[in-house]
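Hello,

Here is the structure I promised to pass on. Please open it first, then read my notes below.

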Amino acid sequence: MLHHYTVSDVTVPDVAAGHDTTAANRARQDFTGVESVWLFGYGSLIYKVDFPFLERRVATIQGWTRRFWQGSHDHRGTHAHPGRVVTLVPEAGAVCTGVAYRIAPATLEYLDHREKNGYLRFTTMLDFGDGSPAQGLVYIATTANAAWLGEASEAEIARHIATAVGPSGSNREYVLKLAQALRELGANDPHVFAIEAALRSL
Ligand code: SIN
């Protein structure tokens with residue numbers, strides 16, 4: 001049994017994804033013989049933990065920054081009026097703080113469904129700050145996915161978020177919970193905090 005997952009992504013990273021990435025994600029990595037895998041969460045996966053895990057650790061990943069540039073049709077918005085949720089975009093020198101969960105590969109079945117609106121599983125290196133990095137997975141929605149909304153000013157993003165609501169609740173709540181969770185981790189994220197402040201002042 002392999003304790004940690006150590007194989008690279010099977011498919012090409014920037015494969016265009018439709019509105020439902022569940023099937024694409026199933027084909028992306030092979031967990032045969034793998035007992036557990038680290039999953040890095042940087043958005044709702046930090047504060048909404050409705051899945052089983054074996055271990056939870058604060059972690060960082062390098063070269064990625066959190067941005068409210070992804071549309072949400074199934075959680076914090078609808079097809080007619082998508083919400084805005086976070087994804088990661090590449091940025092040289094950036095460090096993103098989140099929470100890593102060690103999970104059984106079978107748990108990905110649920111998580112693929114939860115993250116199906118454009119997110120694909122990528123492999124990445126996780127840093128736990130103790131000199132023992134590990135490989136893990138992270139769900140990233142790239143520019144190639146059908147729900148991508150892209151860049152806008154933080155004020156504009158806040159105005160958009162203020163009006164969106166979906167099956168998982170209001171888009172505003174997603175921001176406030178994420179900002180609060182990041183504060184609890186001691187993470188400074190100027191983008192998230194600026195949108196939170198703009199939302200509170202509306
Ligand atoms: C994540 O939390 O890691 C992915 C994005 C989200 O579900 O908010």
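This is a predicted model: local features need pLDDT of at least 70, side-chain atom pairs count only at pLDDT 80 or more; totals for chains, interfaces and linings use all residues.

Next, the polar side chains of the shell. S44 places a polar side-chain atom 2.8 Å from an oxygen atom of the ligand. For E115, a side-chain N or O atom is 2.9 Å from a ligand oxygen. Y174 has a polar side-chain atom 2.5 Å from an oxygen atom of the ligand.

How much of the ligand does the protein bury? On its own, the ligand exposes 250 Å², and the protein buries 97% of that. As for location, the ligand sits in the largest cavity.

Now the aromatic rings. The count comes to seven aromatic pairs. One of them is F51 with Y101, and this pair is edge-to-face. The ring centres are 5.0 Å apart, with 80° between the planes. Where do the two residues lie in the chain? F51 is in the loop between α2 (44-47) and β2 (55-72). Y101 belongs to strand β3 (residues 83-103).

Key
Residues are numbered from 1 along each chain as its sequence is written. Side-chain values use heavy atoms; hydrogens and water are left out. A polar contact is a pair of N or O atoms within 3.5 Å; within protein, one must be able to donate a hydrogen and the other to accept it, and residues adjacent in sequence count only if both atoms are side-chain atoms. Accessible areas come from the Shrake-Rupley method with a 1.4 Å probe; for residues, only the protein chains shown count as cover. On a 1 Å grid over the protein atoms alone, a cavity is a set of points where a 1.4 Å probe fits but cannot get out, and a pocket is an open set with protein on both sides within 12 Å along at least five of seven lines; lining residues have an atom within 4 Å of a point. A molecule sits in a cavity or pocket if more than half of its atoms lie within 2 Å of its grid points. Rings of Phe, Tyr and Trp (its six-membered ring) pair if their centres lie within 6.5 Å; planes under 30 degrees apart count as stacked, over 60 as edge-to-face and the rest as tilted. Helices (H or I, at least four residues) and strands (E, at least two) are DSSP runs, numbered from the N terminus.
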